[in-house]
Amino acid sequence: MKLHVPTLIARKREGETLDPAEIRKLIEGYTSGEIPDYQMSAFAMAVFFRGMDAVETAALTRAMLESGDVFHHRDGHPKVVDKHSTGGIGDKVSLILAPLVACTGVWVPMVSGRGLGITGGTLDKLESIPGFKVGISIPEAQDLLEKLGVVMMGQTDRFCPADKKLYALRDVTGTVPSIPLITASIMSKKLAESLDTLVLDVKFGTGAFMRTEAEARVLADSMIAVGKEMGVEVHAVLNPMSEPLGRAVGNALEVIESLECLEGRGPADLRKLVLDLSEKIAPVSRKDLERLLDDGSARRKFDEIVASHGGNPADLPKLSQIHHAPVIRDFPASDTGTVMQVDAGLVGQAALQLGAGRARATDGVDHAVGFDHFVKCGEHIHQGHPLCRIHARTAVDFEIAEALLEKAIRIG
Ligand code: URA
């Protein structure tokens, strides 16, 4: 079948349902360079306005995941599971969930991304551990799965190349916020891990991609439907991202907080979310998962992950000395009262200003800067007491972050 791309674009523009074979040909042509960006951007815009049904979205997902390498697990492998979060501020769940769930005997081939804009990324956080190498090949990853039951890595060049190309195009053509395109983009990357079960943490609120719970529900349902079409069990949990998760935001600072959680301590909201998501994919009870956090098993597994990725577990307790920002000062409360709001979106912007995140995909990140000891909504606070601690590279950066936090935190 020879694809006539202008006709295909026009049919989608008129709201027609496309055939899975046509969608596959389109993605193959686009990945090979045969179909140019201008035709693909017109197609993406047609999808943006007309949408796609579950069968079309599954076909797009499958074509994108098969555009590159996928994991092939050996015969008789344990159950393969993972989690995906649509992103948030202070969201370090992956660092805890991956080792925790791997302790239960399943495999966790976790392929993660980098931070962009106000949202942090698991890879940036892991790279604050000296020597930690996230750029490993799929064969190396398969070896680690056999050895440890878990691997934490970035996308290789050969992993979903169609998504890499299409996502960059959507970014500059106003076609990112399309439910079928987001669904295919996320699910192609996760399903290339050849999973049995996936749990999705779909966030909504000021610090999230989806602003309302209703929008998050639509995205969750679309991803569940694609999972069903493709024979993968998908669970979705909707979670607010109106205040940051936990009490720390920033790369090394979030690893430090993750270690606390892996040692059975840490903020209650973080521990709860880790358990809520883990229990959907682990073959053990919530009580067993709690025990694995409390008895040091998950923490030991994290040490094994660090060692097998080129880091030294002995560095973990020293991370605050290794990444010591030059300006570390409290941010005091101007009033006495109850914390009514800690706006996650504004905290994310403040972290970006400090250099913890990246404005463009090609920027680097500062591992040392960010916030810790953050107050949580509902806590009572006295005037002059710290609302958080700011870790900044310079006094000017400190002041910029302080001005944003003034707006982010409301005391009533
Ligand atoms: N994250 C992705 O990986 N893809 C999207 O389209 C949106 C968010």
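This is a predicted model: local features need pLDDT of at least 70, side-chain atom pairs count only at pLDDT 80 or more; totals for chains, interfaces and linings use all residues.
Close-up 1. Residues are numbered from 1 along each chain as its sequence is written, and side-chain values use heavy atoms, leaving out hydrogens and water. Strand 2 (residues 108-112) and strand 3 (residues 150-154) run parallel, joined by five bridges. (Strands are DSSP runs of E, at least two residues, and helices runs of H or I, at least four, numbered from the N terminus; two strands pair if DSSP finds at least two bridges between them.)

**Close-up 2. Both faces of strand 2 are buried.** Val108, Met110 and Ser112 point one way, while Pro109 and Val111 point the other way. Buried means under 20% relative accessible area (1.4 Å probe, protein chains only).

**Close-up 3. Asp124 sits in helix 6 (residues 122-126).** Asp124 is buried, with a relative accessible area of 3%. Beyond its neighbours within four places in sequence, Asp124 is in contact (heavy atoms within 4.5 Å) with residues including Arg114, Asn251, Arg358 and His367.

**Close-up 4. Helix 5 (residues 93-102) meets helix 12 (residues 268-281).** Their axes, lines fitted to C-alpha atoms over the stretch in contact, come within 10 Å and cross at roughly 45 degrees. Angles run from 0 to 180 degrees between N-to-C directions. Among the residues that meet are Ile96 and Leu97 in helix 5 and Leu273 and Leu277 in helix 12. The residues of this contact divide into ten nonpolar, one polar and no charged. (Ala, Val, Leu, Ile, Met, Phe, Trp, Tyr, Cys and Pro count as nonpolar, Asp, Glu, Lys and Arg as charged, and the others, Gly among them, as polar.)

Note on methods
Buried means under 20% relative accessible area, exposed over 50%, partly exposed in between (1.4 Å probe, protein chains only).
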